[in-house]
Amino acid sequence: MVRLNKYLADCGVGSRRECDRLIADGVVKVNGKVATLGAVVSDSDHVTVNDKRVGDKQKNYYIMLHKPKGCVTTVKDDLGRKTVMDLIDIKARLYPVGRLDYDTEGLLILTNDGDLANRLTHPRNEVNKTYIARISGVLAEKERIQLEKGVLIDGVKTAPARVKILKQDQHHTRCEVTIHEGRNRQVKKMFEAVGKEVEFLKRVAVGDLRLGGLKRGEYRFLNEYEIDYLKNV
Ligand code: URA
């Protein structure tokens, strides 16, 4: 961590005293919020002066987005649908780490650190992903166990998973599902395999990173501990 005036001075914005003046004038923002005198920043912070980024041009961004329904995870969509990039106010080329379907919401990591994105999505390094799923009808105990042990989707058995029933009545079952593979539409297809339809799906965690109180459509920069965690997971 370094004091903001020193960070700005090191980036060539001006002397520390001039930088303090800019901070006092309210034109310096850290992670989108107007900075105050005496603030400290780290390399993972996004610092702007008059809304222009300062700092190392090669700097990497690590972002957690609460993807809402109704947008695609790709950077560009041939059908002209809204993409997750429309929700993010950053010019850098970001890669989504894994995918969420158009109608799935929840935690999505985006980064311009291509190495990390590739590593995290490689089948060998897949981390646990936890979802809340609402299913139509009652999920029988036999079906729950079947899902945990593995079911056939597209002719290939899924790896062991965890399926916990959170709430159930005669019309719906609400479950927490943890998988570590990342196959296409995996959770929906797993339930299809036991004759059940997923009506609502939300990813609430990727490894130890949790969505927490982040609102739909909002994003935040990961802190240095979270970035470290992802790099070593
Ligand atoms: N499984 C699904 O079926 N859809 C998603 O978006 C993510 C996991």
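Predicted model: local features only at pLDDT ≥ 70, side-chain atom pairs only at ≥ 80, totals over all residues.
User: Which residues of helix α6 are buried?
Analyst: Helix α6 spans residues 224-232, and its buried residues are E226, I227 and L230. They lie on the same side of α6, because the arc they cover around the axis is only 100 degrees.

User: Why would residues three or four places apart point the same way?
Analyst: An α-helix has 3.6 residues a turn, so residues at that spacing point the same way.

User: And which exposed residues are on the face turned away from the buried side?
Analyst: That face of α6 carries Y225 and N232, both exposed.

User: Which residue caps the N-terminal end of α6?
Analyst: N223 does, with a side-chain oxygen placed 3.0 Å from the backbone nitrogen of Y225.

User: Moving to L222, where is it found, and is it buried or exposed?
Analyst: L222 is in the loop between β17 and α6. It counts as buried because its relative accessible area is 2%, against a cut-off of under 20%.

User: What is L222 in contact with, leaving aside neighbours within four places in sequence?
Analyst: Its contacts are S44, Y62, I63, M64, I109, L209, I227 and L230. Of these, I227 and L230 are also buried residues of α6.

User: How far apart are L222 and D169 in space?
Analyst: Their C-alpha atoms are 38 Å apart, with a separation of 53 residues in sequence.

User: Changing topic, how many aromatic pairs are there?
Analyst: The count is two. In one, the rings of Y61 and F221 have centres 6.3 Å apart and planes at 40 degrees, so that pair is tilted. It links distant parts of the chain, 160 residues apart: Y61 is in the loop between β6 (52-53) and β7, and F221 is in strand β17.

User: Are Y61 and F221 buried or exposed?
Analyst: Both are buried. F221 is classed that way because its relative accessibility is 13%.

User: What about the pair of Y219 and F221?
Analyst: That pair is edge-to-face, with 6.2 Å centre to centre and 75 degrees between the planes. Y219 counts as partly exposed because its relative accessibility is 24%.

User: Which ring does the charged end of R81 sit over?
Analyst: It sits over the ring of Y102, 5.1 Å from the centre of that ring.

Note on methods
Residues numbered from 1 in each chain as written. Heavy atoms only, no water. Buried < 20%, exposed > 50% of the residue type's maximum accessible area, 1.4 Å probe, protein only. Helix = DSSP H or I, 4+ residues; strand = E, 2+ residues; numbered from the N terminus. Arc of directions from axis to C-beta. Polar contact = N/O pair within 3.5 Å; in protein donor to acceptor, adjacent residues only side chain to side chain. Phe/Tyr/Trp six-rings, centres within 6.5 Å; stacked < 30°, edge-to-face > 60°. Lys NZ or Arg CZ within 6 Å of the ring centre and 35° of its normal. Contact = heavy atoms within 4.5 Å.
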